[in-house]
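Subject: Structure handover

Hello,

Here is the structure we spoke about.

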Amino acid sequence: MAIEVWIIGEDRKMMIENQRQVNRHGSMRAVCLLSDKALREAIRKVRDFPDTVNAPSLIVMDYNFAKNNDFEHVHLLRDFDKLAGIPLFMAVKERTEELNEECYENGAMVIVHDIFHKSELTRMENTAWQHENTRLYEQKLQKQTMELHNAKEIFRLNQQLEARNELLHKTFGRYFSDDLLNLILQKGEDVSLGGEKAEATIMMTDLRNFTSLSENMDSDVLTSVLNFYFTKMVDIVSHYRGTVIEYMGDGMLAVFGAPLKDEHSVDNAVAAAIDMQNAMPSLNEYFVKNGFPSLEMGIGLHCGEVFIGNIGSEKMMRYNVIGNTVNESSRIESCSVGGQILVSREIIQHCVSPVTHKDGVEITAKGMKAPIWIFEITGIGGEYNLSMDNVKNGADEFEPVNKEIELHLYPIKGKLITDEYVKASLKEISKKRIIVEIEEDESVGIDVYTNVKITSPIDNEEMSGGFYSKIIARKGNLWTLHYTDAGNVVTDFIKWVTSGD
């Protein structure tokens with residue numbers, strides 16, 4: 001490696017001779033700058049092209065050149081930071097005490113003869129190398145300092161990022177599931193309108209009769225009940241790799257298999273639904289203990305192709321899932337009653353683990369192009385080994401009715417109660433359901449999962465205004481109906497029927 005020395009002066013012959021001596025001596029390489037213009041151009045290059053043009057390790061300036069310009073060129077060198085610290089030698093014809101003092105006063109470090117002696121060349125080389133080593137050491141220190149600074153900056157930025165993500169999780173984690181929030185954070189600024197088609201399992205849930213129950217609740221009580229309920233349900237959905245997309249009043253929309261890919265999304269959705277229903281008794285214990293009403297939940301499941309992604313506008317978008325699969329899941333859920341899980345035929349077909357279910361029923365729901373088969377799930381085997389507690393434990397036992405009680409069942413189509421009723425007699429009753437026997441040919445055009453309003457021609461307070469139920473099973477002329485109205489009328493009716501009066 002050769003170190004560079006600038007030799008500055010106007011005596012061309014002398015400068016070139018000195019250049020030859022420098023180049024022949026050791027590891028130095030001399031550059032002659034023979035005019036003011038040449039010096040200024042060399043300074044400009046060092047200033048403007050620091051990555052490609054190196055500063056010299058030593059500068060030797062002819063005294064006469066410096067003196068004639070009133071040492072302006074020395075000041076020019078010293079005004080530029082990158083050259084200010086470079087050792088400056090001054091070359092003179094003869095050394096006198098007065099001349100030496102003038103040179104030192106104007107920035108010279110060492111005074112040499114205008115034609116370099118051998119010892120002076122050695123001193124120049126040693127000084128140049130000392131400066132070069134010092135500069136390399138400074139560069140190394142600067143690099144280490146910069147690396148340390150960068151490391152501290154990276155650490156600081158990482159801390160800021162962790163704090164930011166923690167804040168986002170604390171804030172937006174209350175609006176999105178952890179998995180969905182992590183997906184949004186990973187995409188960063190790439191969050192835009194659009195999404196993708198995916199095979200997924202859709203879960204719809206809804207609390208039965210919650211609207212009428214909530215009419216008698218204060219807003220803070222209503223919020224407490226829903227928050228406690230949703231907290232438990234979301235935990236179960238997340239445990240089975242599902243993602244809660246949206247809360248719809250007292251209902252919930254969850255997706256299994258997207259955006260989190262899952263080969264067992266159907267099985268996980270069924271298992272989650274059973275776990276959710278089995279969790280309701282413990283939730284109701286808490287509700288009753290704290291003076292809240294007990295709740296019932298219906299669940300519907302369907303699987304197929306959906307579109308999942310950001311929907312809305314550039315100013316306001318929402319992560320959502322849409323498609324016919326979602327619509328059918330909603331229709332299936334609307335047929336369910338509290339404590340029930342209804343699924344499509346596709347769920348039964350795609351579930352890898354063995355599932356137990358009741359006989360399927362073909363229904364035609366509003367908005368569906370063709371009838372579909374739905375099944376009531378009672379359990380799932382394999383590694384899940386789950387069953388519905390209300391089936392396994394035989395909860396909600398029926399009691400026989402020892403009275404002749406005539407009932408009138410008015411089918412509900414859409415949201416309208418029909419004028420014609422079906423005459424039935426009450427046979428058995430429980431806390432949640434009744435079994436009635438209808439007269440021959442009275443059931444024409446009335447399907448399972450039809451909602452009905454029940455009244456009685458008996459003039460008593462217990463049946464004042466009637467109550468609502470859903471047909472959940474038919475066996476010949478015997479119909480099983482599940483109450484969908486949890487009001488006082490149902491409670492009073494049950495007490496009256498079972499009182500023996």
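This is a predicted model: local features need pLDDT of at least 70, side-chain atom pairs count only at pLDDT 80 or more; totals for chains, interfaces and linings use all residues.

Residues are numbered from 1 along each chain as its sequence is written, and side-chain values use heavy atoms, with hydrogens and water left out.

Helices and strands are DSSP runs numbered from the N terminus (helices: H or I, at least four residues; strands: E, at least two).

The helix pair

Helix α10 (residues 219–239) and helix α11 (residues 265–289) have axes that come within 10 Å and cross at roughly 150°. Axes here are lines fitted to C-alpha atoms, for helices over the stretch in contact, and angles run from 0 to 180 degrees between N-to-C directions. The angle makes α10 roughly antiparallel to α11 (angles under 35 degrees count as roughly parallel, over 145 as roughly antiparallel, 65 to 115 as roughly perpendicular and the rest as oblique). On the α10 side, the residues in contact (heavy atoms within 4.5 Å) include Val225, Phe228 and Ile236. On the α11 side, Ala272, Met276 and Leu283 are among them. By class, the contact of α10 with α11 has 13 nonpolar, no polar and two charged residues. For these classes, Ala, Val, Leu, Ile, Met, Phe, Trp, Tyr, Cys and Pro count as nonpolar, Asp, Glu, Lys and Arg as charged, and the others, Gly among them, as polar.

The parallel sheet

An open sheet is formed by five strands in the order β2-β1-β3-β4-β5, with parallel pairing; two strands pair if DSSP finds at least two bridges between them. The edges are β2 (28–33) and β5 (110–113), each with a single partner strand, so one side of each is left without a neighbour in the sheet. On average, neighbouring strands of this sheet are turned by 25° against each other, direction ignored. Strand β1 (residues 3–8) is joined to β2 by six bridges, and Ile3 has Met28 of β2 as its bridge partner. Across β1 and β2 lies helix α2 (residues 36–48), running at about 150° to β1.

Strand β17

Six of the eight residues of strand β17 (residues 406–413) are buried (buried means under 20% relative accessible area, exposed over 50%, partly exposed in between, with a 1.4 Å probe and protein chains only). β17 runs antiparallel to strand β19 (residues 422–429), joined by four bridges, with Leu407 opposite Ala424. Four bridges also link β17 in the antiparallel sense to strand β21 (residues 451–455), where Thr455 is the bridge partner of His408. With β18, β17 forms a hairpin that has two residues between the strands, and Gly414 in the turn has a positive phi of about 70°.

Single residues

Most residues other than glycine have a negative phi, and most peptide bonds are trans. Arg241, in the loop between α10 and β7 (242–248), has a positive phi of about 65° and is partly exposed at 38% relative accessibility. Asn385 has a phi near 50° and is exposed at 66% relative accessibility. The peptide bond from Ala258 to Pro259 is cis, with omega near -5°. Ser353 is buried, with a relative accessible area of 12%.

Regards
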